Amino acid sequence: MTKPVVLIAEELSPATIDALGPDFDVRNVDGTDRPALLSALAEANAVLIRSATKIDAEAIAAAPVLKVVARAGVGLDNVDIKTATTAGVMVVNAPTSNIISAAELTVGHILSLARRIPAAHASLSGGAWKRSSYTGTELFEKTVGIIGLGRIGALIAARLQAFDMKVVAYDPYVTSARAQQLGVQLLSLDELLEQSDFVTIHMPKTPETTGMIGAEQFARMKPTAYVVNVARGGLIDEAALHTALTTGEIAGAGLDVFTSEPPAEGGTAAALLSLPNVVVTPHLGASTEEAQEKAGVSVAKSVRLALGGELVPDAVNVAGGVIDPYVRPGIPLVEKLGQIFAALAHSPLTSLDVEVHGELQAYDVSVLKLAALKGVFTNIVSETVSYVNAPLLAEQRGVDVRLLVDDDSPEYRNVITLSGALSDGSQLSVSGTLTGTKQVEKLVAINGYAIELPIEKHHIVMLYTDRPGIVAVYGQRFGEAGINIAGMQIARQAAGGQALSVLTVDSPVPDHLLDDVRAAIDADLFRQIEITES
């Protein structure tokens, strides 16, 4: 069996390769060598990159079997997420790999500014001994203002509280209860700027946050205050910062990131580098051995999940998140129910309800909606269907999708039903569950007909008028053709009415035999179902 191809486009830690394991054909390419990259992508099922390799529309078009792009880090500026999503390619990163490193670098900048460490080092290294020229300030009982109280902001708060600093924060998405839990006082942005001795910013870069600290904000700060940016270049207006630093409006700045990197010669960012009251580092927020290793190992694990057909918690273009172990076994079940639903549908789907009944109602089961859509579209569209593009396929086809959850499941611990409306006005539903300690996947209802049959690779579903001798008819026809019936369930709602028969067969049934049996029993519904494994 051919191993999936994993392409390593940049240098990653040995632990990353170890985390991939022996199940893949691991190949290497220089991601900055564009022709070599495009050529190598032709056979790649996954590509692992850092910041230097650009995975754009051209690269994705050159990768017909690509399933996942894994960025060993946080930023995704070098990945065309929209194009990847349309192509059904999952994009993953390592969102928590560098948070400790970034928080510690922020504290390092604050200490460097407070005690003037870089300038003092440069002076002494140059042969001067000027103790009085580098008098600093203590952090003790000073106020630090954190703009953005997310994961990194919270880590910084905890570390600076150890210096007995007062910590205030601005974050419109953080509740007062969360701030109180962190020992942080929430303020408006203006209040934070006016009160803080040190201001550090930790916001995502968006059109709304770009330049959010500019001339107006510097005017509100104390002349003894310092500002630090270890987050994203452009959050601080560099021209306004240069003016504030050279006019004495603020005391200094610590910068790890810039609008253009490296700072363009003659530009505003380059002018900041030469100021005596600025501490600069070349975008080192994630540059620790620990962060690099965590990022590589994290995305390697994500690649294993993605190529194994599972949901990936760190996928940026797929809904979901962390999947509870109690929910996870339901994912392949629901995918198979989706395939059964699609096989039974005789006209296009217009709406789909994914109904989750039972104990699962206490968990986040949003992943099951994705699994249902992936199953529904797997065998009916030409594109490769994934958890990434399945919702897009539904949207493009005008299919309304709902997730409905309750605890009403009298017969089984949990039952999941896919119920949909078809374009001809008819309704269709299929239900399944997991039973026993081995969590056997079972089909338990079709259109309200109660059955209980393990889901296998090949099934035949028949709906016909209930009358004596029907089972003998199709049993004989299949037997004569060498088709073994491995299992069978028959359900009816009233004697003499319609009966639903679901067969498990060991091999596919030829079309001519299906037509023959359908005519022999005068079936109203007759479908062969073949389950495709992810």
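Visitor: How many aromatic pairs does the count come to here?
Guide: Before we start, keep in mind that this is a predicted model. By the rule used here, the count comes to three aromatic pairs. One of them is formed by Phe198 and Tyr226, and it is stacked.

Visitor: How do I read a pair like that?
Guide: A pair of aromatic rings is described by the distance of the centres and the angle of the planes. For Phe198 and Tyr226, that's 5.3 Å centre to centre and 15° between the planes. Planes under 30 degrees apart count as stacked, so this pair gets that label.

Visitor: Which parts does the pair of Phe198 and Tyr226 tie together?
Guide: Phe198 lies in strand S9 (residues 198–201), while Tyr226 lies in strand S10 (residues 226–229), so the pair links parts that are 28 residues apart in sequence.

Visitor: Is Phe198 buried or exposed? And what about Tyr226: buried or exposed?
Guide: Buried means under 20% relative accessible area. Phe198 counts as buried because its relative accessibility is 2%. Tyr226 is buried too, with a relative accessible area of 15%.

Visitor: What does a tilted pair look like?
Guide: Take Tyr326 and Tyr363: their rings are 4.9 Å apart centre to centre, with 40° between the planes, and that pair is tilted. Tyr326 sits in the loop between H13 and helix H14 (330–344), and Tyr363 in the loop between strand S13 (349–358) and helix H15 (366–378), so this pair ties together parts 37 residues apart in sequence. Tyr326 is partly exposed, at 27% relative accessible area, and Tyr363 is partly exposed as well, at 33%.

Visitor: Let's move to charges. Which residues form the negative surface patch?
Guide: In a patch like this, like charges are joined within 9 Å. Here the negative patch is made by Glu104, Glu289, Glu290 and Glu293.

Visitor: Which helix gives the most to the negative patch?
Guide: Helix H13 (residues 289–307), which supplies three residues. Glu293 has its place in that helix, and at 41% relative accessibility Glu293 counts as partly exposed.

Visitor: Last one: where is Thr16 found, and how far is Thr16 from Asp524 in space?
Guide: You'll find Thr16 in helix H1 (residues 14–20). Thr16 counts as buried because its relative accessibility is 0%. From Thr16 to Asp524 it is 56 Å in space, C-alpha to C-alpha, and the two are 508 residues apart in sequence.

Note on methods:
Residues are numbered from 1 along each chain as its sequence is written. This is a predicted model: local features need pLDDT of at least 70, side-chain atom pairs count only at pLDDT 80 or more; totals for chains, interfaces and linings use all residues. Side-chain values use heavy atoms; hydrogens and water are left out. Patches are made of residues with over 30% relative accessible area and no salt bridge: like charges are joined within 9 Å, nonpolar side chains (Val, Leu, Ile, Met, Phe, Trp, Tyr) within 5 Å. Accessible areas come from the Shrake-Rupley method with a 1.4 Å probe; for residues, only the protein chains shown count as cover. A salt bridge is a side-chain nitrogen of Lys or Arg within 4 Å of a carboxyl oxygen of Asp or Glu. Lys and Arg count as positive and Asp and Glu as negative; His and the chain ends are not counted. The place of a charge is taken as NZ of Lys, CZ of Arg, CG of Asp or CD of Glu. Helices (H or I, at least four residues) and strands (E, at least two) are DSSP runs, numbered from the N terminus. Buried means under 20% relative accessible area, exposed over 50%, partly exposed in between (1.4 Å probe, protein chains only). Rings of Phe, Tyr and Trp (its six-membered ring) pair if their centres lie within 6.5 Å; planes under 30 degrees apart count as stacked, over 60 as edge-to-face and the rest as tilted.
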